[in-house]
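Please look over the sequence and the structure shown here before reading the report, which is written for a student meeting such a model for the first time.

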Amino acid sequence: MRQNALVAAVWLVAIALAGYERAAAGVTLSTASRWIVDESGNRVKLACVNWPSHLEPMLAEGLGKQPVDAIARDVAAMGFNCVRLTWPTFMVTNASYSSLTVAQSFQRLNLTESLAGIRVNNPAVVDLKLIDAFKTVVSSLGASNVMVILDNHVSKPGWCCGNNDGNGFFGDAFFDPDVWVDGLTKMATIFSGVPNVVGMSLRNELRGPRQNTADWYKYMQRGAEAVHAANSRVVVILSGLSFDNDLAFLNSRQVSVSFAGKVAFEVHWYGFSNGQEWRAGNANQVCARIAASVARRALYLLDQGWPVFLSEFGVDNRGGNVNDNRYYGCVAAVAADLDLDWALWTLQGSYYLREGVLGLDEVYGVLDWAWCKPRNDTALSRLNALQRPFRGSHSPPLPPATTLY
Ligand SMILES: *[C@@H]1O[C@H](CO)[C@@H](O)[C@H](O)[C@H]1NC(C)=O
Ligand SMILES: *[C@@H]1O[C@H](CO)[C@@H](O)[C@H](O)[C@H]1NC(C)=O
Ligand SMILES: *[C@@H]1O[C@H](CO)[C@@H](O)[C@H](O)[C@H]1NC(C)=O
């Protein structure tokens with residue numbers, strides 16, 4: 001009997017895993033009220049990690065450190081079923097960038113050491129055009145059964161985000177709405193036949209002195225239509241104002257597009273979004289107050305029947321940042337309670353070049369500086385607890401997560 005029970009339990013886990021894996025492969029996603037679902041209406045929970053490819057070199061970070069296939073396998077092995085892969089508009093719209101090969105892009109920035117690392121670890125991408133190297137990363141993730149959300153992060157390649165960096169809002173120095181729509185259309189078209197590309201987020205963290213709701217509706221609706229016309233498979237994800245902290249305005253006016261079942265919203269929530277309030281106050285009181293504020297600004301949309309993707313959150317993985325540690329307990333509780341779809345900031349243990357610093361260490365990265373292993377196993381296992389669905393419409397019940405580890 002014991003043995004039969006064990007066999008049955010193993011089968012249950014195997015069946016659940018098979019469903020989970022199949023969901024990640026070539027699935028077409030849509031929305032059913034607040035849930036993301038597959039073709040059969042079964043819930044697919046997005047448990048993603050951000051992987052930047054929008055900084056000056058315009059190549060997914062880490063390819064100087066490890067082979068792209070090894071990184072993709074690590075993403076899957078750490079329990080993520082999806083990557084929010086960032087890209088800069090100019091990589092596909094501006095010939096001074098789009099014409100470059102990987103080698104030329106790194107040479108122009110004098111990133112000699114990184115380029116040498118890429119030659120060793122990923123020789124096949126060195127002489128590819130940047131967009132073709134980007135496709136290589138996407139297909140490598142596909143081979144590891146990892147879904148991809150293409151995130152338009154900035155226009156001009158570089159670290160994001162400042163109020164006055166020219167990339168913040170429609171009409172800013174580098175943010176011509178026509179060029180943006182052209183870039184979205186190009187990316188949607190290029191990836192229309194690629195099965196693991198399941199979503200596109202239209203623009204990261206709108207912000208700055210020019211931001212206003214009238215232009216938000218005008219251009220976000222236009223961008224959404226352009227993406228859907230070029231690629232009707234992807235879920236179109238819309239971010240809010242004020243660094244993607246604010247979707248409150250949708251309470252008085254809904255978004256209006258010509259298609260249904262393919263629109264989701266995204267929100268960002270960090271410890272530092274509220275300065276040092278976590279460190280300064282009583283953690284329970286601060287959590288109650290700030291969680292209510294995030295609900296008023298964004299998560300209320302769940303109750304109105306829209307998916308809200310927590311597409312950036314994360315902490316200093318070294319464990320010494322009190323503000324971040326207190327915040328994490330709160331954001332994780334909210335993510336579990338509402339069973340949110342989410343994307344951790346972030347995968348990269350280090351950058352080729354960030355804000356002028358070569359090889360900058362990313363303390364929010366799940367991987368270590370060398371992209372070899374998890375930076376902090378404790379932080380990772382805490383995160384693993386959030387990766388499986390807790391509830392959700394149409395979903396068959398899954399065995400408890402403890403069975404699987
Ligand atoms: C192309 O890139 C250059 C250099 O960043 C920039 O000055 C220019 O405005 C861009 N052109 C267009 C059409 O976006
Ligand atoms: C790259 O190095 C050359 C030669 O030392 C220098 O002239 C150029 O300004 C450098 N470019 C960058 C982007 O650092
Ligand atoms: C890992 O994270 C935990 C929890 O925040 C922390 O206590 C610990 O010091 C961290 N360890 C390392 C090696 O950074």
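What follows describes the surroundings of two ligands in turn.

The model is predicted, and the values below are computed from its atoms.

**Ligand 1**

The residues around ligand 1 are F90, N94, S96, Y97 and K156. Sorted by class, this shell holds two nonpolar residues, two polar residues and one charged residue. An oxygen atom of ligand 1 is 2.3 Å from an N or O atom in the side chain of N94, and the side chain of Y97 likewise has an N or O atom 2.8 Å from an oxygen atom of ligand 1. On its own, ligand 1 exposes 360 Å², and the protein buries 50% of that area.

**Ligand 3**

Around ligand 3 stand N317, R318, G319, N376 and R382, a shell with no nonpolar residues, three polar ones and two charged ones. Here a polar side-chain atom of N376 is 2.3 Å from an oxygen atom of ligand 3, while in R318 a polar backbone atom is 3.4 Å from an oxygen atom of the ligand. Of the 360 Å² of accessible area that ligand 3 has on its own, the protein covers 51%.

The table gathers the distances, with the part of each residue that is involved.

| Ligand | Residue and part | Distance |
|---|---|---|
| ligand 1 | N94, side chain | 2.3 Å |
| ligand 1 | Y97, side chain | 2.8 Å |
| ligand 3 | N376, side chain | 2.3 Å |
| ligand 3 | R318, backbone | 3.4 Å |

Technical notes
Residues are numbered from 1 along each chain as its sequence is written. Chains are lettered from A and ligands numbered from 1 in the order in which they are written. This is a predicted model: local features need pLDDT of at least 70, side-chain atom pairs count only at pLDDT 80 or more; totals for chains, interfaces and linings use all residues. Side-chain values use heavy atoms; hydrogens and water are left out. A residue is near a molecule or strand if one of its heavy atoms lies within 4 Å of it. A polar contact is a pair of N or O atoms within 3.5 Å; within protein, one must be able to donate a hydrogen and the other to accept it, and residues adjacent in sequence count only if both atoms are side-chain atoms. Accessible areas come from the Shrake-Rupley method with a 1.4 Å probe; for residues, only the protein chains shown count as cover. Ala, Val, Leu, Ile, Met, Phe, Trp, Tyr, Cys and Pro count as nonpolar, Asp, Glu, Lys and Arg as charged, and the others, Gly among them, as polar.
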